[in-house]
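Biologist: Before we begin, may I ask you to show me the model and take me through its features one at a time?

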Amino acid sequence: MGNLIRPVVTTNNKIRAVFSVMVLLATAISVRAEDDAALEPAPQAEKLYDSDLQHLWNRLYETIFIRTARNGDKYGFDSLDPLLWSATNHLLADESHGKAIRVLDEFIEKHGETLIKDHFRRAILQHDLWAVFDWAATRNLNETVPVHEAEVQALTLRLAKVIQSLALSKVQIQSLPDNYAAAVSAKAFPGEFDPQKPDTGFLPVDLFKKDGPWVCIETGDGLAAPIHTREFGGRSVFLIFMKLPKGRAETLAYLKKLNSFPESWIYDRARIEKTDGFAMMLGVMPHRFDLERPPWVNPDMPQFPSGTQFALVRQAVLIGSDDKLYPSHLTESVQLRVYGELNLKSSDGGKQSVFEFTMQRQRLFAGKTGGLHTLKKIENNFSVFLAHGTDIFESKGSISKLGPQTGRNTLNCMGCHGGAGIHSVLSHSQLFSAATLHPPRLQEYSPERIGVFTIRWKENQFSWGLLRGLWR
């Protein structure tokens, strides 16, 4: 394969550093709130793809996805994303690398793709391996001196072959059952929010209804949630739905009023000085107070009313047998936020009820609730979103209590979305990007078009170019 060309990375690392610290601080607070409860390790990956424990697909999943703590406990079974971080050495060093290479070689030599015909299983395994490939392919992008370069090449070459062998046709991808619709049909979850039970999760029955009360929105560039798209490598389409209490007409009217507000951005010297002090504490050099500094969102911007709801839906992108990318109806997660009384003077902006549903492979393969289940406040779920850097399994910290990167709860969301009303909607406030003097417009857009733009974004990424190059 020779020496791979490493592209110049233009990501604003200062901003990313601030995000990561904010998220980790918020998560640390959430764990302390639960008295740093020790988590039970997840079960091993037994019989996930087949009833035979030694089936090649089961062994592949076990080798690639299960992480072992120093005390021998295993984690990662049926987690939504592989437990891999930017500084992870797992799969690239020591015995874990050798095991991964051996099982991938066995899969290639024995044509493991022929062992299971079920389209759901093939799609899920391909999507999982694709996440590992992208992680490995970008492992050294920010390294001055490449780490495990030969191991990265060996791993990505084999993953590329297996990913391609598992591909479904375009027709097969488009024919995959809609697991969100299956979850709604199962009636295992309430179909709407109950203000009398603000802590009870719900799965909207009319979320995808054409001309229904929920409005799918984006910000003018075709992507609804660009930070989420980037963090998960464009392998998923992220859809944002918005619903005001009186439904579609009220939601569209509010968006029109918001977009016509004349002064969305303002300069606030006091806030800049405070923020610069926080930035200096983190070791991030502050910006000068001039036009090069992004302005702040105007606090007088039109607000939506209490009772407004937002949904963030993540759906898998799949690779077809023609080596092209296709959006699918395979829903990986649904995050919901319901706004209570807004408090414009409070740092937390008022109460929000936050819920999350994630896909579990066991449930999906068994045809239960569309594979979706309610994520608990403290669960065997590790955050990889904006959690760059140290691998918790390879750190020197405690292993009996895996620490602030474990579990999720509402405080995790509020760490980034804790502003008052519209100021907590980062697709509009642009807190995590280089804001311009031109205010973003939240406008109605179809899920299909957002899928098209997501795929266009992915097609311009280094990891996708590398994957296609290895196929050839």
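Modeller: Let us begin with His148, which sits in the loop between α4 (119–137) and α5 (149–165); helices here are DSSP runs of H or I with at least four residues, strands are runs of E with at least two, and both are numbered from the N terminus. Residues are numbered from 1 along each chain as its sequence is written. The model is predicted, with local features requiring pLDDT of at least 70, side-chain atom pairs pLDDT 80 or more, and totals for chains, interfaces and linings using all residues, while side-chain values use heavy atoms, without hydrogens and water.

Biologist: What is the value of phi for His148?

Modeller: Most residues other than glycine have a negative phi. His148 has a positive phi, near 55 degrees, and is partly exposed at a relative accessible area of 22%. The classes are buried for under 20%, exposed for over 50% and partly exposed in between, with a 1.4 Å probe and protein chains only.

Biologist: Which helix holds Asp94, and is Asp94 buried or exposed?

Modeller: Asp94 belongs to helix α3 (residues 94–109) and is exposed, with a relative accessible area of 73%. Asp94 is not a glycine, yet its phi is positive, at about 55 degrees.

Biologist: How is the length of a helix such as α4 to be read?

Modeller: One compares its span with the expected one, which is 1.5 Å times one less than the number of residues. In α4, 19 residues reach 26 Å from the first C-alpha to the last, close to the expected 27 Å. Of these 19 residues, 18 are buried. At the start of α4, a side-chain oxygen of Asp118 comes to within 3.3 Å of the backbone nitrogen of Phe120.

Biologist: At what angle do α4 and α5 pack?

Modeller: Axes are lines fitted to C-alpha atoms over the stretch in contact, and angles between N-to-C directions run from 0 to 180 degrees. For α4 and α5 the angle is about 155 degrees, and the axes are 9 Å apart. That makes α4 roughly antiparallel to α5; the classes are roughly parallel under 35 degrees, roughly antiparallel over 145, roughly perpendicular from 65 to 115, and oblique for the rest. The crossing of α4 with α5 is left-handed, a term for a near helix turned anticlockwise from the far one by less than a right angle. Among the residues that meet are Trp130 and Phe133 in α4 and Leu155 and Leu159 in α5, where contact means heavy atoms within 4.5 Å.

Biologist: How far apart are the axes of α3 and α5?

Modeller: The axes of α3 and α5 are 10 Å apart, and the angle is about 30 degrees. That makes α3 roughly parallel to α5. The contact includes Ile101 and Leu104 of α3, together with Leu155 and Leu159 of α5. The crossing of α3 and α5 is also left-handed.

Biologist: With which side chain does Gln352 make a polar contact?

Modeller: The partner is the side chain of Arg337, at 3.0 Å. A polar contact is a pair of N or O atoms within 3.5 Å; within protein, one must be able to donate a hydrogen and the other to accept it, and residues adjacent in sequence count only if both atoms are side-chain atoms. Gln352 lies in strand β9 (residues 350–359) and is buried, with a relative accessible area of 7%.

Biologist: How many helices and strands does the protein have?

Modeller: The protein has 15 helices and 11 strands, and buried residues make up 51% of its 472 residues.
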